[in-house]
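Biologist: Please walk me through this model. I have some questions about how its parts meet.

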Amino acid sequence: MSTPISEEYQRELSRLVIKTGQMLLQHGAESQMVGSLCCRLGEALGLDSVEVSLSASSMVVTTLVNDYCITTARRCPDRGINMHIVSEVQQVVVDAENNAIDVAEVRKRLHSIEPYKHNRWLVVFMIGLSCASFCRLAGGDWLLFGWTFLASSVGMFVRQEIAQRHFNPLMNFGVTSFVTTLIAAQAEIYEIGNHPFLAMASSVLMLVPGFPLINSVSDMVKGYVNMGIARWVFASLLSLATCIGIIAATTLLGVWGWV
Amino acid sequence: MDILIALANDMFFAAIPAIGFAMVFNVPPKYLAYCALGGALGHGLRMLLLTQGGMQVEWATFTAASSVGLVGVYWSQKLNVPPKVFTVAAMIPMVPGVYVYKAMIAIVEINHRGFSLEIWKIFAENFIKGTSIIAALAIGLAMPSLLFYRRKPLI
């Protein structure tokens, strides 16, 4: 570095670097990506090096310039998976690397990212259709297809309503699977379709935490074992909550089929 | 001919959940088509390997996931977005949800009814099957960065 970086400036850069990491971690990016994008942004903006330490609910970043360190920590409560934010943040880092934007512009862009939201009714419709497709793939007929569509659309609506009121996700998954199974199990009671159990099995598949599970394994493979374990445990808790909802509903209705 | 119709059916019904879950993951609309394509490709390939190739489900899943992972790298460099934007949603139709739930429900049942070898067997089999398929999915997706992009970032 030809021009020495002032302490105030280094502090500003550290804030931007940790903001990048925080946004990525909160919206479901895998750990290696969080670490490498923080380092890339820091180095692109003129820091000597950036060290990142991740844990399940917070992160610590140390930036180094001319043997002078600044360390800062942030809490990173989960905000739900949002690939739009992840790709926007990546874009900012790439632009900073290509010297297309300066520090003020990086700051402005990081703070102005608004999460994109799909129309909620469209999501309800598509998730209903998705679970119905799972039923179809498993060999269900069109009657079951329709029944699964109904059960999981209603389930998705319930899930959105509960999420909007900021309930704990574990509770949300339990209640949603309970409602979904109550509807889907009617197929078993009235013997709708060729394999009535398929409606029950497929309609709750919308609650499988697929993204956390995949992230968990890739974190562990890439050396972030603590993050991988944390994600694995949380994904398991989500599926356990779902199963408790399922069991509550099947016990209430006296339907059996899962085990 | 029959196999082609079965394949088309399989790919079509795998593309729908790929889009549906991509929307839950807030993938921007312009990338949804890639998710659908990836989902159809992955699930269709796995179905072919399972029925025609007689492969074990884990290896078929791994091969399908690596293929989608590679295609995902190509798209990601073309469109300048992280590959996971398309590839994870594309994997969702292959996630072994029923195995995961059966394993969990078996645990709760052991608590309710007491231990029996029969329920324990259901737990062990489903847990191991589910975990290996998830590992196959995740490691398959990570293959490009494990093989080709070891020292440099993808985009």
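Modeller: One definition before we start: buried area is the accessible area, with a 1.4 Å probe, that two parts lose on being put together, summed over both. Keep in mind that this is a predicted model.

Biologist: What is the area buried between domain 1 of chain A and domain 2 of chain A?

Modeller: The domain assignment gives domain 1 as 7-112 and domain 2 as 120-253. Each of them puts 11 residues into the contact. Carbon and sulfur atoms give 58% of the buried area, and the total is about 930 Å².

Biologist: In domain 1 of chain A, which residues lose the most area to domain 2 of chain A?

Modeller: By class, the touching side of domain 1 has six nonpolar, four polar and one charged residues. Three residues together make up 46% of what that side buries: Glu30(A), Ser31(A) and Gln32(A).

Biologist: Which side chain meets Glu30(A) in a salt bridge?

Modeller: Across this interface the rule finds one salt bridge. It also finds four residue pairs in polar contact. For Glu30(A), the N to O distance is 3.1 Å. A salt bridge needs that distance within 4 Å. The partner is Lys222(A).

Biologist: How many Å apart are the end C-alpha atoms of helix H10 of chain A?

Modeller: H10 covers residues 225-253, 29 residues in number. Just after H10(A), Gly254(A) takes a positive phi of about 70°. At 1.5 Å a residue H10 should span 42 Å, so the model agrees with expectation: its end C-alpha atoms are apart by 42 Å.

Definitions and conventions. Residues numbered from 1 in each chain as written. Chains lettered and ligands numbered in written order. Predicted model: local features only at pLDDT ≥ 70, side-chain atom pairs only at ≥ 80, totals over all residues. Heavy atoms only, no water. Domains from an automatic or database assignment. Contact = heavy atoms within 4.5 Å. Polar contact = N/O pair within 3.5 Å; in protein donor to acceptor, adjacent residues only side chain to side chain. Nonpolar A, V, L, I, M, F, W, Y, C, P; charged D, E, K, R; others polar. Helix = DSSP H or I, 4+ residues; strand = E, 2+ residues; numbered from the N terminus. Expected span 1.5 Å × (residues − 1).
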